[in-house]
Amino acid sequence: MGGRPSSPLDKRQQQHLRGQVDTLLRNFLPCYRGQLAASVLWQISRELGPQEPAGCQLLHSKKLPRVREHRGPLTQLQGHPPQWQPVFCVLRGDGRLEWFKHREEYENGDRPLGSVVLTGYTVLTSQSEYLHLLDTLCPEPSGHHTQEEPEPLLEMPVSFPLFLQHPFCRHLCFSAATAEVQHAWRLALQGGIRLRGTVLQRSQAPAARAFLDAVRLYRQQQGHFGDDDVTLGSDAEVLTALLMRELLPALRAQTLPRLRGAGRARAWAWAKQLDAVHAAVLAGASTGLRAFQPEKEELLAALEKTLRPDVDQMLKLRERVLGRLQANVQGPLESCLRRKVDAQLPRVTQTLLSTVEAELTAVQTLLTQGMDRLSRHLRGSPSSTRLRKEVYSFGEMPWDPELMQTCYREAERSRGRLGQLAEPFGFFGTQSLVFGAQDLAQQLMADAVATFLQLADQCLTTALDCDQAAQQLEKVRGRVLKELSEFEGDVLAVGSPALTIEGIYEDVIRGALLQRINRELKKALGASNMSCTLDGCSELPWDQGETDVETEAQRGTCSRQPGSSTEV
């Protein structure tokens, strides 16, 4: 837009930011190293421990999480001075958005005009909502009256806008030709944002688990004991967000008085300045984590080699220490829980459970519709080509943003209820919970579809006529829906391992909390008459599955297809 920072980052500013990143890594990496040991021990104990009880028997889909590549012409506000210009946009399957001057440049494999990773962005389709955001982003100082004219372009009505807003990065303004195109792009972009945001939460790699625990411990050392959305993104992006939050007050004080421009143009200038700082911090964090990578791989290999032979003794030691700590703190802990937890727990349980239940109901409805559609086509004696096409479409249901929107919408509707947890509990991780519920819906749909297709493949033979084949599919349909309903009680399992005094002490507290949560869940589930079990919830927090998409925190580790879970 019209107003721009008086200058880009100079050498002194860049050097200062490098120093800030170095300090962050110097303080954070010791936490990370310690949690790597705990995470490796947890993984080994899971491998050698009892297997999952025979509850939900859905197969795990072998398809990795992704978004469908989406492409098409849009108009973008860009340039200096900014103008609305036609571009050809492409959303890649990994959640990266690119734009080209012409479609032919994309088809020829040319470099894009620009690109952005969608981590941390929010899609707005209301121009008035975006303008209000700009007004609150960079308010004019009290008594300050600029003589510069505001940039009028954003104030001009835009019929079908797509605004991409980020707390620390440049804003992107696009416009679609029709409401249908706008809708399709909004769903695609939201899918890319979620895919990029939950990469660590979906991973079961020991390094990813260790990283998330290390972030939590590091923040506790800094005096932050609440929960929010700072862990959305890759490891480098998470560390960047942590540091940006620390730097933001000083950046505001130093930068805002020097910005040129008026009103919303000034807000755009501030966003561009933040973008420059964010880019420098992200580059430094990425470099630091890459430099740590060889040490991390050596440490993981050494831990695997040293912990596995002695895992039984270590787990017995953990149980002894846990027992002593539990005996010492049981009285005060129970008293504290009765005073501060018991009265609030039913509200929290109902809030989270209603969100998950609504998601799973939507998945069940959508899955039923897909299976019924296949049966109808089979009874209609379709051609083999048509039937293959229908089977392919059924298999792609989890990755179809339009179809899955009926499931994702349930999590969005719960945003207000989840937000009510902020004031009484200091919980500000609403976006993480919404993303987690949506990931759960997608993974569950993928597993159910994979289960249906495999069972159908086993029971359908060329000797069956269309009616007989349809009858077999009805049996498979009933079995899959039964397994799906039995899944509902298993999605609220809790877990956090450690084999340090601090970690075991935390396990004691979480174990006591988990006992209460399990009791409350059983009451709530019994009251709602849902067909489900709680066998997947352990009384000690060492039982929670995770998922895998590669980041710096995960390279060099084994991975499998993700299975989403929801933490309480």
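**Side-chain contacts in a predicted model**

Let me begin with Cys 336, which is partly exposed at a relative accessible area of 28%, where buried means under 20%, exposed means over 50% and partly exposed lies in between, using a 1.4 Å probe and protein chains only. Cys 89, by contrast, counts as buried at 1% relative accessibility, and the structure holds zero disulfides, a disulfide being a pair of cysteine sulfur atoms within 2.5 Å.

This is a predicted model, in which local features need pLDDT of at least 70 and side-chain atom pairs count only at pLDDT 80 or more, while totals for chains, interfaces and linings use all residues. Residues are numbered from 1 along each chain as its sequence is written, and side-chain values use heavy atoms, with hydrogens and water left out.

Turning to the rings, a search of the whole structure finds 10 aromatic pairs; rings of Phe, Tyr and Trp (its six-membered ring) pair if their centres lie within 6.5 Å, with planes under 30 degrees apart counted as stacked, over 60 as edge-to-face and the rest as tilted. One of these pairs is Phe 28 with Tyr 218, which is edge-to-face at 6.1 Å centre to centre and 85° between the planes. That pair links distant parts of the chain, since Phe 28 lies in helix 1 (residues 11-48) and Tyr 218 in helix 5 (residues 206-221), 190 residues apart; helices (H or I, at least four residues) and strands (E, at least two) are DSSP runs, numbered from the N terminus. Phe 28 is buried at 0% relative accessible area, and Tyr 218 is buried at 4%. Tyr 32 and Phe 292 form a tilted pair, 5.5 Å centre to centre with 45° between the planes, and here helix 1 is linked to helix 7 (residues 263-307) across 260 residues. Ring pairs join Phe 28, Tyr 32, Phe 211, Tyr 218 and Phe 292 into a cluster.

As for charged pairs, the count comes to 20 salt bridges, each being a side-chain nitrogen of Lys or Arg within 4 Å of a carboxyl oxygen of Asp or Glu. In one of them Arg 66 meets Glu 396, with the closest N and O atoms 2.8 Å apart, and these two residues are 330 residues apart in the chain. Arg 66 is partly exposed at 26%, whereas Glu 396 is buried at 6%. Finally, a network of salt bridges links Glu 69, Arg 71, Arg 92, Asp 94, Arg 96 and Glu 98.
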